[in-house]
Amino acid sequence: MKSVVRILSILLMVAVWLRIDWLLGLRSLKRQRTASVYPWRKGKIDFFDDGVAWMKSLELDITEAEESICLLFYIIEPDEVGRRIFTLLKDRVKDGVRVRVLCDALGSRKMKPWLKHLKEAGIEIELSRPVLFKGSLFSIQRRNHRKIAVFDERVSHIGGFNIGREYVNLDPVLSPWRDYHLRIEGESVGDALKEFEIDWNREFNISEQASSPRQNTFKGHQKHQIIPSEPVNMEGFILDLFDQAEESIFIGTPYFIPTGTLFNSLKQKIRENIKVTIMVPGTPDHALVQPASYHFLRELIDLGAEVHQFEHGFYHAKVILIDDKLCDIGTTNFDQRSLVINDEINVLTSDKEIIGKVITSINNDLHHAVRVQKKDIQPNGPVDASAELLARSISHLL
């Protein structure tokens, strides 16, 4: 027992140092972009909650591209799924299509040995945000967590799916993988392309502004808005969504580790008799994410919130639904790193058709979830309590 206490004490000291490093990093963080938020647009939106169906759509858009393909993903795995995508991309290069790929250096670290071969095949590819330790872990923690695909300035994809075998239900533990993703045709495709260009230029130290995309003349009626983490403050954006709620707030997220501001807002909404429902995975993909969330979830349950754990595979969706009238889907997890420092991108929509599809998917996922009671997530003794405190202290690393 003494050895366990000693180990926990050391871990807690490390956690304190990491927390101080995090807070100092936040003070030094400066968002560089000052451009205005993209306006509401109209277009045609397809909603996906199944990785196999989404991957087929992505592959079809790759094969039909005639001029350019832009892919930006947090994770691209060089497994059978990733290799198939790159085979398709190499074929498109042979047909004269310009292919650019950007993936996060940490999330896609397994891609590093493949870069030379892919570049020789004509694919322009780079790892975003190299992992370089410069005396602080803060810069390493700030990741490019976006998932954007743009084809011929005509079609864009934004959402939670990455490229790898687990996202198409090939992982024996985390399948079926539940995620929400959008395919968009219309005016906002230029906005998505601009965000890709900004990230691309930043990685290659290109000082000029992102090129202006051509006018997309596609006619559609579904209203939506692209929400990038720069210049938008994601914490403030979600706080504003909460403030618009009159009846209900639904949050679907793989990691529930809110900032203090958003946590306090949720508690206040419950006190105002607004129904708050949260869905998280029952099976985590990281060991400490569940205990890091328990403190927050217990307090919300005490106030009257409903908390559900998805038990049929892995729940990776990032969705906020306000009064069944306003829906936010994208790459932003409901955790401190996504909300405060990561590069993220979301899509906000008020379209009744898309929201109806999202509600159907949420209800289906709730059918495969178990409602959590406070007693289910209480720490079992001092070791559990210490582990929970440790997890919450380093939650920004998860």
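Before anything else, I needed a term: a crossing is called right-handed if the near helix is turned clockwise from the far one by less than a right angle, and left-handed if anticlockwise. I also noted that this is a predicted model.

**Entry 1: α8 and α9**

I started with how packed helices get described: by the angle between their axes and the distance between the axes. Then I looked up helix α8, residues 260-271, and helix α9, residues 289-303. Their axes come within 10 Å and cross at roughly 15°. Angles under 35 degrees count as roughly parallel, so α8 is roughly parallel to α9. With my new term in hand, I checked the handedness of the α8 and α9 crossing, and it's right-handed.

Which residues of α8 and α9 meet? On the α8 side I listed Phe263, Leu266, Lys267, Ile270 and Arg271. On the α9 side I found Phe296, Glu299, Leu300 and Leu303. Sorted by class, this contact has 6 nonpolar residues, 3 charged ones and no polar ones.

**Entry 2: α7 and α8**

Next I turned to helix α7, residues 234-244, which packs with α8 at an angle of about 5°. The axes of α7 and α8 are 10 Å apart. I used the cut-off of 35 degrees again, so α7 goes down as roughly parallel to α8.

From α7, I wrote down Glu235, Ile238, Leu239, Phe242 and Asp243. They meet Thr261, Leu262, Ser265, Leu266 and Lys269 in α8. By class I got 5 nonpolar, 2 polar and 3 charged residues. I spotted Leu266 in the α8 list here, and Leu266 is also in the α8 list for the contact with α9.

**Entry 3: Glu306**

I found Glu306 in strand β11, residues 306-310. Is Glu306 buried or exposed? Its relative accessibility is 19%, so I put Glu306 down as buried, the cut-off being under 20%. Leaving aside neighbours within four places in sequence, Glu306 is in contact with Lys275, Val276, Thr277, Ile278 and Arg371.

**Entry 4: Val131**

Where is Val131? I found Val131 in the loop between β4 (124-128) and α5 (138-141). Val131 has a relative accessible area of 39%, so I called Val131 partly exposed.

Its contacts, apart from neighbours within four places in sequence, are Ala105, Leu106, Ile140 and Arg143. I took a second look at Ala105: Val131 and Ala105 are 26 residues apart along the chain, yet their C-alpha atoms are separated by 6.5 Å.

Technical notes:
Residues numbered from 1 in each chain as written. Predicted model: local features only at pLDDT ≥ 70, side-chain atom pairs only at ≥ 80, totals over all residues. Heavy atoms only, no water. Axes fitted to C-alpha atoms, helices over the stretch in contact; angles between N-to-C directions. Helix = DSSP H or I, 4+ residues; strand = E, 2+ residues; numbered from the N terminus. Parallel < 35°, antiparallel > 145°, perpendicular 65-115°, else oblique. Contact = heavy atoms within 4.5 Å. Nonpolar A, V, L, I, M, F, W, Y, C, P; charged D, E, K, R; others polar. Buried < 20%, exposed > 50% of the residue type's maximum accessible area, 1.4 Å probe, protein only.
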